[in-house]
Amino acid sequence: MTTALNRIDQLFADRDRKRFIPFLTVGDPSIEATFHLVKAMVEAGADLIELGIPYSDPLADGPTIQRASERALKNGVTIGDALQLVKRLRESGMEASVVLFSYFNPVLQYGIERFFADLAAYGADGVVIPDLPIEENGRAVTAAKQNGIHVISLVAPTSSSRINTIGAQATGFLYCVSSLGVTGARVDLREDLADFLERVKASTSVPTAVGFGISTPEQVRAVAPHTDGVIVGSAIVQQIEEHAEQLKDPKQMPEAVEKIKTFVHQLASALQ
Amino acid sequence: MKNIQTTTRVVPDENGRFGAFGGKFIPETLMNAVTELEMAFEEARRDPAFVQELNGLLSEYAGRPTPLTYAERLTKAVGGAQIYLKREDLNHTGAHKLNNALGQALLAKRMGKKSIIAETGAGQHGVASATVAAKLGLSCTVFMGEEDIRRQSLNVFRMKLLGAEVIPAVSGSRTLKDATNEAIRHWVSHVDETFYVIGSVVGPHPYPYMVREFQKIIGEETRSQVLQMLRRLPDEVVACVGGGSNAIGMFYPFIQDESVALRGVEAAGKGIDTEKHAATLTLGRPGVIHGSLTYLLQDECGQVQEAHSISAGLDYPGVGPEHAYLKDSGRVTYTSVTDAEALDAVQVLCQTEGIIPALESAHAIAEAIKRAKEMSSDKILVICLSGRGDKDVLTIQEALTAEGGE
């Protein structure tokens with residue numbers, strides 16, 4: 001049993017400050033690039049990093065993140081690589097919270113109990129498993145608790161009466177899916193988004209963070225009053241995709257990392 | 001005809017589990033939709049008006065009951081058990097798929113949905129969905145792997161002719177698995193107004209259960225037809241398994257009849273000692289695909305592997321969770337048959353019975369021929385002839401030309 005306070009709980013202890021959460025896929029376009037990108041994002045104002053473990057059949061993801069998964073899988077990236085990356089980030093002095101994002105099957109094959117023990121051992125704080133709804137997550141939640149790790153629950157605009165049940169069981173923070181559909185940048189957010197976020201907030205004692213479809217500083221500003229944190233994935237992954245060639249070349253990597261850092265900084269600043 | 005209200009529900013349990021398998025491993029966005037579906041289906045199957053309307057369509061539109069045909073010349077040619085064919089190929093649109101598509105589309109209409117989506121491998125489920133959408137006045141979008149669109153151009157044309165939109169899936173292996181991913185993604189985005197008609201006993205609960213309930217008419221008819229014709233139960237029943245809907249439909253009414261051996265036949269593709277096969281139950285291990293825990297072809301890290309079969313309808317790395325349960329419980333024996341053996345079986349059935357079987361069904365025929373040879377002539381073996389082979393004629397021609405056996 002881990003006695004230290006989970007970094008996610010520490011992070012959200014001060015509820016007056018909004019938190020910025022970037023998502024990127026481990027090993028896209030290389031593990032080395034992911035390491036430098038994460039470090040840069042923290043410098044740019046990221047409070048919590050969501051690291052995607054690539055999967056062959058990412059049901060909840062749109063084309064942008066699916067392509068990132070495909071690039072990473074070509075590099076043979078596994079859960080083990082993601083854990084090693086977290087360890088290296090911690091050894092380099094990174095204090096920001098880390099949440100891994102993985103579909104359930106890779107976790108199941110790795111071994112649920114082993115997975116959560118390793119998350120704790122390598123310095124991760126939580127996990128998002130998009131295809132593991134509360135009805136199926138019992139074993140994962142037990143293993144997570146034993147290791148001081150949070151299984152982050154998701155709520156969607158379609159969750160309706162489930163919101164209260166999910167909100168009551170949530171730990172760490174509650175991941176609010178901002179729109180119907182898969183991950184991916186969207187031009188417009190739902191008109192009823194604010195109402196949904198307020199309903200979620202009322203359902204739970206844990207902080208909330210909103211993601212899926214948020215891609216611009218304007219959108220970040222628009223949702224900020226209704227949430228404790230904002231998650232941006234596809235828009236950042238798209239930037240990584242556009243700079244993939246430079247990120248793979250050690251000489252050009254620093255410049256590409258700098259460009260993405262600027263983008264993340266714009267998004268993170270929009271929260272304050 | 002027995003209606004769908006009467007059978008006792010043994011599995012799944014209230015959580016949608018068939019023993020250790022099944023469940024609902026889907027994004028939260030869809031949870032409400034499957035819960036609504038679960039309630040709507042339970043209500044519909046108990047509503048005499050729904051049952052009557054479905055049974056009416058099955059008999060007056062689909063052409064049920066389908067015949068049970070004694071394959072006299074095949075039986076003679078093989079030497080051994082008497083072989084009977086359950087003629088699902090004689091359903092309207094040419095396969096068992098229509099039973100389920102009718103049931104689900106009728107349910108969609110009852111739930112007030114205006115559009116249905118479907119995924120398809122060989123195209124039979126896509127054609128069945130497009131057909132029932134036209135019949136019931138719903139719009140229809142079908143997701144199909146780009147590779148399957150190439151293999152099954154005739155069925156693609158049929159779907160379009162019936163008014164459906166066909167969207168190519170271009171990710172991964174560009175086959176059924178990827179078409180299913182695309183269909184689920186589309187469903188996630190349009191869940192309020194769309195009903196997803198899943199084509200096999202796969203997917204999150206209640207799909208494997210619901211599809212079985214719509215397909216078990218195959219086994220119920222077979223059981224009563226054999227009893228009526230021969231005054232006894234068959235000794236063995238054989239069906240092909242991709243996702244496994246014709247097989248579950250055929251097996252389920254015989255599960256309690258312990259004297260009846262049940263045999264499911266998967267696609268061994270180029271051979272189970274190669275990487276080119278679709279023998280999920282034979283070589284897979286438990287994992288999660290498309291919302292349910294079942295046997296799955298995957299690598300050691302849990303990445304889903306691409307399946308291969310000459311039959312686009314069997315080319316699927318997962319399998320219905322009830323089959324996983326029936327395998328582990330030992331009630332059903334699962335074997336596999338190669339592309340070459342299936343091709344041979346096509347020719348044998350064509351030339352002995354004047355029936356061109358679907359490549360899927362040919363897997364069951366190939367296995368049945370092996371089995372019948374080992375059985376005495378007083379034994380009765382029934383093959384589920386799940387569909388007709390018109391759609392596969394070009395593939396068969398290509399394969400036979402390539403091997404010089406035209």
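In what order do the strands of the open sheet of nine strands in chain A stand? The order is S5-S4-S3-S2-S1-S9-S8-S7-S6, and the pairing is parallel. Strands S5 (150-152) and S6 (154-155) of chain A stand at the edges, each with a single partner strand, so one side of each is left without a neighbour in the sheet. Here two strands pair if DSSP finds at least two bridges between them, and the elements are DSSP runs numbered from the N terminus, helices being H or I of at least four residues and strands E of at least two.

The model is predicted, so local features need pLDDT of at least 70 and side-chain atom pairs count only at pLDDT 80 or more, whereas totals for chains, interfaces and linings use all residues. Residues are numbered from 1 along each chain as its sequence is written, chains are lettered from A and ligands numbered from 1 in the order in which they are written, and side-chain values use heavy atoms, with hydrogens and water left out.

**Strand pairing and cores**

Within the sheet, strand S2 (residues 48-52) of chain A pairs with strand S3 (residues 97-101) of chain A in the parallel sense, over five bridges. In this pairing Leu48(A) stands opposite Ser97(A) in S3(A).

A nonpolar core is a set of buried Ala, Val, Leu, Ile, Met, Phe, Trp, Tyr and Cys residues joined through side-chain atoms within 4.5 Å; buried means under 20% relative accessible area, exposed over 50% and partly exposed in between, for a 1.4 Å probe and protein chains only. The largest such core has 108 residues, of which Leu51(A) and Phe116(A) touch the most other members. Helix H13 (residues 253-269) of chain A gives the most to this core, with eight residues, and the core also draws at least three residues from each of domain 1 and domain 2 of chain B. A second, separate core of 88 residues includes Phe101(A), Ile152(A), Phe212(A) and Ile184(B). Leaving aside neighbours within four places in sequence, Phe116(A) is in contact (heavy atoms within 4.5 Å) with residues including Val127(A), Ala140(A) and Ile149(A).

**Aromatic pairs**

Rings of Phe, Tyr and Trp (its six-membered ring) pair if their centres lie within 6.5 Å; planes under 30 degrees apart count as stacked, over 60 as edge-to-face and the rest as tilted. The structure holds 15 aromatic pairs over all chains, and two of them are set out below.

| Pair | Type | Centre to centre | Angle between planes |
|---|---|---|---|
| Phe12(A) and Phe173(A) | tilted | 5.8 Å | 45° |
| Phe41(B) and Tyr209(B) | edge-to-face | 5.5 Å | 80° |

The pair of Phe12(A) and Phe173(A) links distant parts of the chain, 161 residues apart. Phe12(A) counts as buried at 4% relative accessibility, and Phe173(A) is buried with a relative accessible area of 2%. In chain B, Phe41(B) in helix H1 (residues 28-45) and Tyr209(B) in helix H9 (residues 207-215) are 168 residues apart; Phe41(B) counts as buried at 0% relative accessibility, as does Tyr209(B) at 1%. Ring pairs also link Phe23(A), Tyr55(A), Phe101(A) and Tyr103(A) into a cluster.

**Domains of chain B**

Chain B is divided into domain 1 (21-60 + 97-207) and domain 2 (63-94 + 215-404), with bounds that come from an automatic or database domain assignment. Their centres, taken over C-alpha atoms, are separated by 22 Å, and the contact takes 38 residues from domain 1 and 44 residues from domain 2.
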